[in-house]
Amino acid sequence: MSAAATAVWGRAEQQDFRARVRGALLGSAIGDALGAGIAGLTLAGIQAAHGEDGLTDLVPAYGRRGAVTAATQLTLFTVDGLIRAQVRRDTGAWHPPTDVHRAYLRWAATQHDWGPDERRKDDGWLAREEWLYTRRDPPKASLMGLGDPHMGTLEAPKNPTARDAGALVRSAPFGLLVGWEPQLVCQLAVECAAQTHGHPTAYLSAGAFAVIVHGLARGEALEPSVGRALTLVGTRPGHQPVTDALTAALGAVRQGAPGPERVTRLSAADPAGHHAEGVLAAAVYSALVSEDIRHGLRLAVNHDGPSAATGSVTGALLGALHGETALPPAWLSELEGRPTLLELADDFAMEMTQGPALHTPTTASPGWLTRYPRA
């Protein structure tokens, strides 16, 4: 390879970044798996099943402990799409929302195909992971939005009334684009959320989440990262429910000892139901008041709201903040798909820090293009 193939990051910087990428993806999946075992239960139901302290450990979901939901599946394909976008940049045909949308269509195929189709040579390696070919309660809006190859846009979004957290929970990877400016990270997350969730509060929640993760992945503290998200999202039409929810989360930190009732109030900020902005607010609050990742995740899932979604967002925030070594090892050891999550996290970190060593407009590693085809 030429001189352009040399690493552009220092070794310590690369190691720190990889730890935060691993932390965000694994933390999100752990929170997802923890909440999956009590999905649909109220706090009273959780306490009736697991005691007054609520859920304190992984319990079976989908037939096993540590099983993840569609939130983790879609997060994986978000990462895959972002890597493919970087690889395709060499060709001059660079439009990240399109590459992420193509990745989401590959996820959609896992929801109706029996298994990987070896005839689709351009799928890359992730779409050949057989364990992903199972339905884990995917949001209706995600299935409908990806039910045809037409890509939703901000001008013509899919499912314009969809306000659930289905787009929010898959948006942490946008924040891991640490070489991008925060406003561009926000824009990309918003555009990709609108591919399935067209209500402003749904896609602006996804954008705010990405900006917060972006700050954490750059080594910032959580509160100033939330402040930046408020500033960026606050300029966009329809932002008020999202900025109000985040402001409430910041204010709740100073309102006494944390507990499930406070998380529930944040999660259901709108009387009509648990919407994306409420899930984001509950997760931000849980992360802000957490003593450690285990405590933060237990707080995030033990309430009346959507436990898996809140756990997933909280896990991504705390994982990006503290890195992979802070994750609870006992939960990590049982996590479904951990080898795939680690492999994809390391590929993402390698692409973002050493991409020129893997591909340029004139030369490329054959193995890398097999994993992440340019087509």
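Colleagues, the model is predicted, and local features need pLDDT of at least 70, side-chain atom pairs count only at pLDDT 80 or more, while totals for chains, interfaces and linings use all residues. Residues are numbered from 1 along each chain as its sequence is written, and side-chain values use heavy atoms, with hydrogens and water left out.

I begin with Thr69. An unreviewed UniProt entry places the feature "binding site" at this residue; such annotations may be inferred rather than shown by experiment, and the positions follow the numbering used here, with feature names shortened. Thr69 sits in the loop between helix H2 (43-50) and helix H3 (70-88). Helices are DSSP runs of H or I with at least four residues, numbered from the N terminus. Is Thr69 buried or exposed? Thr69 is buried, because its relative accessible area is 10%, and buried means under 20% with a 1.4 Å probe, protein chains only. Leaving aside residues up to four places away in sequence, Thr69 touches Asp32, Ala36, Tyr62, Arg136 and Ala308, a contact being heavy atoms within 4.5 Å. A polar atom of the Thr69 side chain also lies 3.1 Å from the backbone nitrogen of Ala71.

Let us turn to helix H16, residues 338-358. A straight helix of 21 residues would span 30 Å at 1.5 Å a residue, yet H16 spans only 25 Å between its end C-alpha atoms; the expected span is 1.5 Å times one less than the number of residues. Where is the kink in H16? A kink of about 70° lies at Met352, shortly before the proline Pro356. The bend is the angle between axes fitted to the seven residues ending there and the seven starting there. Met352 is itself one of the buried residues of H16, which also include Leu344, Phe348 and Leu358. The buried residues of H16 pack against helix H1 (11-36), H3, helix H6 (172-175) and helix H17 (366-371).

Next, the aromatic residues. The whole structure holds four aromatic pairs, that is, rings of Phe, Tyr and Trp (its six-membered ring) with centres within 6.5 Å; planes under 30 degrees apart count as stacked, over 60 as edge-to-face and the rest as tilted. Trp368 and Tyr372 form a tilted pair, 5.1 Å centre to centre with 55° between the planes. Trp368 counts as buried at 5% relative accessibility, and Tyr372 does so at 0%.

Finally, helix H11 (residues 260-267) has buried residues including Arg262 and Leu266. Among the elements covering them are helix H10 (240-252), helix H12 (276-289) and helix H13 (293-301).

Technical notes:
Helices (H or I, at least four residues) and strands (E, at least two) are DSSP runs, numbered from the N terminus. Buried means under 20% relative accessible area, exposed over 50%, partly exposed in between (1.4 Å probe, protein chains only). A polar contact is a pair of N or O atoms within 3.5 Å; within protein, one must be able to donate a hydrogen and the other to accept it, and residues adjacent in sequence count only if both atoms are side-chain atoms.
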